Structures are given as structure tokens and as C-alpha cells.
Amino acid sequence: MRIPLLAMALSSCLVAGAAHAVLTQTSFAADSFTFTANCAYDASGTACGDRSDFHEGTRAHWSTGASASIEDARGSAWTRAEADTGSYLPVLKAYASSNPAYESAGPYGGTSTVDGTIWGVQGYRYTGSTPFNLTLTATLDSQFSGGAGGGTQNHSMMAISLFDTANYVFDYDQAAATFSGCPMIATVPRWGCATLPDILARDQQFLYDTGTLTVSLSTILMPGQSFYVGAMLDANVCCGGTVDSSHTLRMQFNDATLLESFPVTVVPEPHTWAMMLGGLALLGASLRRQRR
């Protein structure tokens, strides 16, 4: 019985370690959140003057993606990230819809606000022997409906960045001192983003109505240089509208032939730690029995 028990222990450890293992063509980590909240109108009666009673949706993670979703009387939102083995870059989708029949309290009346945010990070190493001008192009296509267009509180946002692999850890704890999405939303340290890696290139753009936008980032890679691509997508809506960014944020390199996968440094999720500890406990018990 010793061998099966030892095999079970090793298997448990391997499964835990593979939760965020480097894949054949990708190295990927992603996370997300969704929420609904009350929106008390401001004096204009057309925008949120105060938001309250936030409810966060459920989240899920796996080795090649992440998702989140929520649905209640105030509306619904969902997000999804996937590692695309064709382009070797994250594919992000987000959707948020505010219930037009929902009424929240406020001196000028009120409605609901709904948000879905998803972000992913993928790692690479340049294997060429001479400097190379890498270009990353990202395209976002979103549709607005139900009166959601034309207001700053109804938007689809994408943030794209190329950044150094040093001084960065992807942390699934969203209350962590340095949010794992910081290189996508900040270029200098600030509240919530206490430390940052070296940002090689970054851009952030918003859509406020149905349409498409494209951005390109460029940086010079040196032989042997490793780097991360970070991408974030946000769909935010209030007042009975819908923002549909599930038509997808897609990205493409100008040339990926000399890029290889580089691991994303990840803080393990709590359940991953539990699996690792469980595996080690089984392994320890097996070794103790063998000594006896």
C-alpha cells in the first residue's frame, strides 16, 4: 500500500503545481470581478450621484483562463479571459447590463449600476540575436444599447501594456497592496499600486458608444529579454443600459516567430495552497510509515 499512497501524494502535489504551469505555447494568468450596485441619481437625474450597496459576483480561474458573473434584480454582468494559442495573446470579453425597471432610493430617484472587469497577463522571452522592434496591436469592438451611449458612466475601456518581468507578481488577492492589474492602469506608483515594474509601453482608451477602436504599442527588445503583455477590459453601465464588449478585445504581434513562453510569477490561490499542503501531508505520512 506504500506505493499507491506515495503516488497519490505526488499526484496531488503535481496537480497543485500545474494550476498555473507554463503551457506549450503560452504562459498565462487572468482574473476578474463583476458587481452590481444602487445608483442614486444626481440633480440632473441622468447619472449616478452616489453608489451604494455593492454586491460582487463569483469568480473562477483555471490554467488557461478566468471568468466572473453576477445576476440580481439590478442587472447582470459576465466576463471571460482565455489564452489564445493561435496569437499567443489573451482574449478578453466583458458584458454589463443595468435593469431599466430597477429603482433605488435617492433624493432625485435612482437606478442601478453594473460592472464587469477582466484582465490577463502573458509572458514571453525574445530569442533573437539582434535588437527587434516589437509591435502589439489591440482592437476593441463594443455595442451599446438601451440608452447607454453618450455618457461617461457608460463605457467600455481597454488598457494594454508591455512591461518588464522584474518586480511583478500576479496576485489573486484583490485586496493585495499591489493590485495585479497595476501595470495596465498606472505608469507611476500611487494608491493601490504601490510598486510597479518598468513599463515599456502602455495605452488606455475608452468607447462611450457603439464602435471599434485600435491601439498599437511598440518597444525595442534586446536578445534574451523577457517581458509581459498585460491587457484589461472593463464594461460599465448604469441607468438601464447595456454595454456589450463580448465581441472581444483581440491582440496581435507584428512577428512572434522569435518569442518563446516565459512564466508569469503568480501568488498561488488559497485552494492551490490547500492542495499542495494536502499532497505534502500525504507524502510525509507515507515516508514516516516507510521509516517504521
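This is a predicted model: local features need pLDDT of at least 70, side-chain atom pairs count only at pLDDT 80 or more; totals for chains, interfaces and linings use all residues.

Modeller: Cys182 and Cys193 form a disulfide in which the sulfur atoms are 2.2 Å apart. The torsion about their S-S bond is about -90°, so this disulfide is left-handed. Cys182 belongs to helix α2, residues 182–185, while Cys193 sits in the loop between α2 and β11 (199–207), so the pair ties together parts that are 11 residues apart in sequence. Both Cys182 and Cys193 are buried.

A search of the whole structure finds 3 disulfides. Cys39 and Cys48 form one of them, with sulfur atoms 2.1 Å apart. The link of Cys39 and Cys48 is left-handed, with -115° about the S-S bond. Both Cys39 and Cys48 are buried. Cys238 and Cys239 also form a disulfide, and their sulfur atoms are 2.3 Å apart. Here the torsion about the S-S bond is about -70°, so the disulfide of Cys238 and Cys239 is left-handed. The two residues of this pair may be examined in turn. Cys238 has a relative accessible area of 2% and is buried, whereas Cys239, with a relative accessible area of 25%, is partly exposed. The cut-off explains these labels: buried means under 20% relative accessible area, and partly exposed lies between that value and the 50% above which a residue is exposed. When the bonded cysteines of the chain are numbered in sequence order, the pairing reads 1-2, 3-4, 5-6.

The sheet comes next. An open sheet is formed by 7 strands in the order β3-β4-β5-β6-β14-β8-β12, and the pairing is antiparallel. At its edges stand β3 (58–62) and β12 (211–221), each with a single partner strand, so one side of each is left without a neighbour in the sheet. From one strand to the next, the twist averages 10°. In general, the strands of a sheet pair through backbone hydrogen bonds, either parallel or antiparallel.

Within this sheet, strand β4 (residues 65–72) runs antiparallel to strand β5 (residues 75–84), and 8 bridges join the two. A hairpin connects β4 to β5 through 2 residues. Strand β5 also pairs with strand β6 (residues 89–98), in the antiparallel sense and over 10 bridges. Glu82 in β5 is the bridge partner of Gly65, and Glu82 stands opposite Val91 in β6. Asp84, for its part, stands opposite Leu89 in β6. The hairpin of β5 and β6 has 4 residues between the strands, and Tyr88 there takes a positive phi near 60°.

A search of the whole structure finds 14 aromatic pairs. Phe35 and Phe54 form one that is tilted, with 5.1 Å from centre to centre and 55° between the planes. This pair links distant parts of the chain, since Phe35 is in strand β1 (residues 28–41) and Phe54 is in strand β2 (residues 48–56), 19 residues apart. Phe35 counts as buried at 13% relative accessibility, while Phe54 is partly exposed, with a relative accessible area of 46%. The rings of Trp78 and Tyr95 have their centres 6.3 Å apart and their planes at 15°, so this pair is stacked. Trp78 lies in strand β5 and Tyr95 in strand β6, so the pair ties together parts that are 17 residues apart in sequence. Trp78 is partly exposed, with a relative accessible area of 33%, and Tyr95 counts as partly exposed at 21% relative accessibility. Elsewhere among the rings, Phe163, Tyr168, Tyr228 and Phe262 are linked by ring pairs into a cluster.

The nonpolar cores complete the picture. In soluble globular proteins, nonpolar side chains tend to be buried together. The largest nonpolar core of this model has 41 residues, and those with the most contacts inside it are Ile160, Phe227, Val229, Met251 and Phe253. Leaving aside its neighbours within four places in sequence, Val229 is in contact with residues including Leu89, Val121, Leu136, Leu162, Phe163, Met251 and Phe253.

How values were computed
Residues are numbered from 1 along each chain as its sequence is written. Side-chain values use heavy atoms; hydrogens and water are left out. A disulfide is a pair of cysteine sulfur atoms within 2.5 Å. Buried means under 20% relative accessible area, exposed over 50%, partly exposed in between (1.4 Å probe, protein chains only). Two strands pair if DSSP finds at least two bridges between them. A nonpolar core is a set of buried Ala, Val, Leu, Ile, Met, Phe, Trp, Tyr and Cys residues joined through side-chain atoms within 4.5 Å. Contact means heavy atoms within 4.5 Å. Axes are lines fitted to C-alpha atoms, for helices over the stretch in contact, and angles run from 0 to 180 degrees between N-to-C directions. Rings of Phe, Tyr and Trp (its six-membered ring) pair if their centres lie within 6.5 Å; planes under 30 degrees apart count as stacked, over 60 as edge-to-face and the rest as tilted.
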